[in-house]
Number of protein chains: 2
Amino acid sequence: MATQGDLISFRPDVRVLDATLRDGGLVNNFRFSDEFVKDLYKTNIKSNIDYMEFGYKASKEIFDPKDFGKWKFCNDDDVFEIVGNNDTDLKLSCMLDVGRTDFKNDVRKKTDSPFDLMRVATYIHQIPSAIEMIEDAKKKGYEVSVNIMAVSKVNDDELTKGLELLAKSPVDIIYIVDSYGAFYPEQIERLAQKYTELGSRYGKQIGIHAHNNQQLAFANTITALRYGVSWLDCTVSGMGRGAGNCYTESLLAFLKNPKYDLVPVMNFVAKHMLKLKEECVWGYDISYLLTAILNSHPSSAIKFVKEGRTDYSSFMHELMDVE
Amino acid sequence: MATQGDLISFRPDVRVLDATLRDGGLVNNFRFSDEFVKDLYKTNIKSNIDYMEFGYKASKEIFDPKDFGKWKFCNDDDVFEIVGNNDTDLKLSCMLDVGRTDFKNDVRKKTDSPFDLMRVATYIHQIPSAIEMIEDAKKKGYEVSVNIMAVSKVNDDELTKGLELLAKSPVDIIYIVDSYGAFYPEQIERLAQKYTELGSRYGKQIGIHAHNNQQLAFANTITALRYGVSWLDCTVSGMGRGAGNCYTESLLAFLKNPKYDLVPVMNFVAKHMLKLKEECVWGYDISYLLTAILNSHPSSAIKFVKEGRTDYSSFMHELMDVE
């Protein structure tokens with residue numbers, strides 16, 4: 001399979017997206033202090049990260065704002081309070097979950113909003129609804145990406161049809177999403193080939209969002225990059241649901257574009273992440289390895305870890321019972 | 001490049017070597033309790049791990065036994081005390097460091113020893129001394145492997161010459177060793193091709209010993225496997241110097257040979273490793289990422305972690321000063 005780039009030069013098509021608040025928010029119910037969010041924003045600017053994702057625009061009909069921090073909802077005005085007019089090179093995004101977003105009311109026109117990019121997250125069976133949201137967001141003036149979640153559970157022929165529908169939509173970027181942390185690098189190679197081949201036919205860019213259940217999030221991200229994927233999601237210290245994501249630290253240390261600066265991220269880790277790591281739990285555990293190899297949602301492993309269980313073998317048998 | 005095997009079947013040439021006591025011993029000066037060692041031995045038997053490494057046979061002229069646990073020296077009689085006659089399928093190994101082993105006196109004939117495999121560890125400039133040790137161990141009746149350490153620091157033409165010398169020696173297995181955790185999977189691909197090409201010409205098997213500085217130890221191990229490497233080192237919970245090694249848990253979960261059983265390893269983790277992890281420190285830290293990307297020995301990062309430092313940026317600049 002054709003590879004792109006090498007280990008010494010850099011590809012100008014690469015975009016790094018910091019998803020700390022969004023995927024990390026799934027760990028602490030989006031309860032980040034304003035100081036944390038402001039410092040992360042400044043860090044991303046200094047490190048020349050390309051995009052920063054603030055969270056979800058979740059429907060307040062479905063979710064009670066009392067139960068979550070504000071980045072579950074990403075009110076435009078809350079974002080403006082952090083970023084002012086965001087007169088910087090850092091672009092801002094938020095995620096719209098199909099079926100859980102009141103996008104007609106909550107997504108303003110781009111000119112009235114702090115956001116540059118709307119990221120639509122969909123399961124394979126929701127793609128027509130995703131396209132409705134994509135079209136809406138494009139009309140409102142945004143760049144738009146789409147995440148087909150839990151791809152490791154999707155049959156290849158359904159994936160092909162779903163990708164073709166999306167390719168014909170006005171979406172700009174299509175993401176490979178390994179929600180269960182189930183893929184090995186050689187599978188990512190094949191997916192990257194499938195997505196980028198379609199992308200080059202339809203003029204779409206391709207992204208990757210990896211999970212660290214098998215400590216492969218970084219390996220899978222740079223493998224995808226090598227096989228032509230250009231949008232790379234990461235989170236500081238890998239903060240994210242369950243086993244977490246690709247570490248921003250590892251990714252910036254790998255990328256050779258001189259604009260990326262690892263130093264502000266390391267300083268942010270020293271100031272904020274070490275403390276946060278004591279307060280809430282994410283990252284590799286055997287239980288996430290087990291849900292990954294069984295291609296299952298990590299929710300049962302998250303519960304296992306939360307309960308302080310260490311009886312991995314019984315947990316494995318529980319998982320195999322429901323499979 | 002040609003790959004071997006696939007994600008569903010298994011290759012009978014694969015050998016899994018548990019290096020927990022040896023590489024993990026570098027974390028706690030080889031001070032493992034007898035209960036730990038006995039339980040690990042039983043675990044390896046139950047899991048059908050192929051080889052278990054007990055430690056080093058270090059020279060007592062150079063190292064004072066008072067300063068270390070007994071597995072720094074691996075007296076045959078200490079091993080016999082754990083394994084009896086080892087009437088099992090598990091084979092036993094220990095490591096001989098070139099220049100730091102009194103191999104003429106300390107390595108008995110195989111028939112008088114508990115060991116099956118002697119693993120010679122050498123730097124590139126010591127290869128003639130390594131070959132002397134290889135020949136001695138072969139004459140005494142052992143299987144013999146050789147680790148060329150710190151390969152990321154070795155010029156390619158020197159490596160070629162060193163490999164050819166070793167290929168002409170009676171050694172059975174030649175290891176790719178990423179001592180600094182500096183390699184990316186695509187570099188491991190190329191190394192695997194180089195080593196296995198030589199191996200198939202000279203009838204040598206090839207192994208991989210990876211480090212987790214960039215959280216790539218498992219990814220690099222399965223990449224090497226895919227490109228024809230068959231001897232795979234791992235340690236329980238990745239216990240090993242600095243950032244540690246490829247996790248036995250991940251590797252057994254990946255391998256498809258029905259003989260391998262993850263359950264005993266998970267039970268061993270629950271009984272021993274979680275407690276041990278509270279007593280001594282190994283595993284990924286930004287400082288190991290930094291020594292890796294600068295292709296440096298992890299010793300300065302080990303010191304950084306031991307001192308409880310978190311000023312990653314100044315550490316990076318210290319590293320760049322000495323480079």
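Begin by selecting domain 1 of chain A and domain 2 of chain A, whose C-alpha centres lie 25 Å apart. The domain assignment, which is automatic or taken from a database, gives domain 1 as 15-279 and domain 2 as 286-322 in chain A. This is a predicted model, in which local features need pLDDT of at least 70, side-chain atom pairs count only at pLDDT 80 or more, and totals for chains, interfaces and linings use all residues. Residues are numbered from 1 along each chain as its sequence is written, while chains are lettered from A and ligands numbered from 1 in the order in which they are written.

**Between the domains**

Domain 1 of chain A and domain 2 of chain A each give 10 residues to their contact, where two residues are in contact if their C-beta atoms, placed from the backbone, lie within 7 Å. On the side of domain 1 of chain A that touches domain 2 of chain A there are three nonpolar, five polar and two charged residues, with Ala, Val, Leu, Ile, Met, Phe, Trp, Tyr, Cys and Pro counted as nonpolar, Asp, Glu, Lys and Arg as charged, and the others, Gly among them, as polar.

**Helix α10 of chain A**

Next select residues 262-279 of chain A, which form helix α10; helices (H or I, at least four residues) and strands (E, at least two) are DSSP runs, numbered from the N terminus. This helix of 18 residues reaches 25 Å from its first C-alpha to its last, close to the 26 Å expected at 1.5 Å a residue, the expected span being 1.5 Å times one less than the number of residues. Centre the view on V269(A), where α10(A) has a kink of about 45°, the bend being the angle between axes fitted to the seven residues ending there and the seven starting there. V269(A) is among the buried residues of α10(A), which also include L262(A), F268(A) and M273(A); a residue is buried if 20 or more other C-beta atoms, placed from the backbone, lie within 10 Å of its own, exposed if 12 or fewer, and partly exposed in between.

**A buried loop residue**

Move to M239(A), in the loop between β8 (231-234) and α9 (248-254) of chain A. M239(A) is buried because 25 other C-beta atoms lie within 10 Å. Although M239(A) and T20(A) are 219 residues apart in sequence, they are 6.2 Å apart in space, C-alpha to C-alpha. Not counting residues up to four places away in sequence, M239(A) touches T20(A), G24(A), V27(A), G244(A) and W282(A).

**Two asparagines with positive phi**

Most residues other than glycine have a negative phi. N48(A), in the loop between α2 (34-47) and β2 (51-56) of chain A, has a positive phi near 60°, and N86(A), in the loop between α3 (76-83) and β3 (91-97) of chain A, has a positive phi near 45°.

**Across to chain B**

Finally, show both chains: 28 residues of chain B are in contact with 28 residues of chain A. The largest share of the side of chain B that touches chain A, six residues, comes from α10(B), and that side divides into 17 nonpolar, seven polar and four charged residues. Chain B can be laid on chain A with an RMSD of 0.0 Å by a turn of 180° and a shift of 0.0 Å along the axis, when superposed by least squares on the C-alpha atoms of residues with pLDDT of at least 70 in both. The two copies are therefore related as by a two-fold rotation axis.
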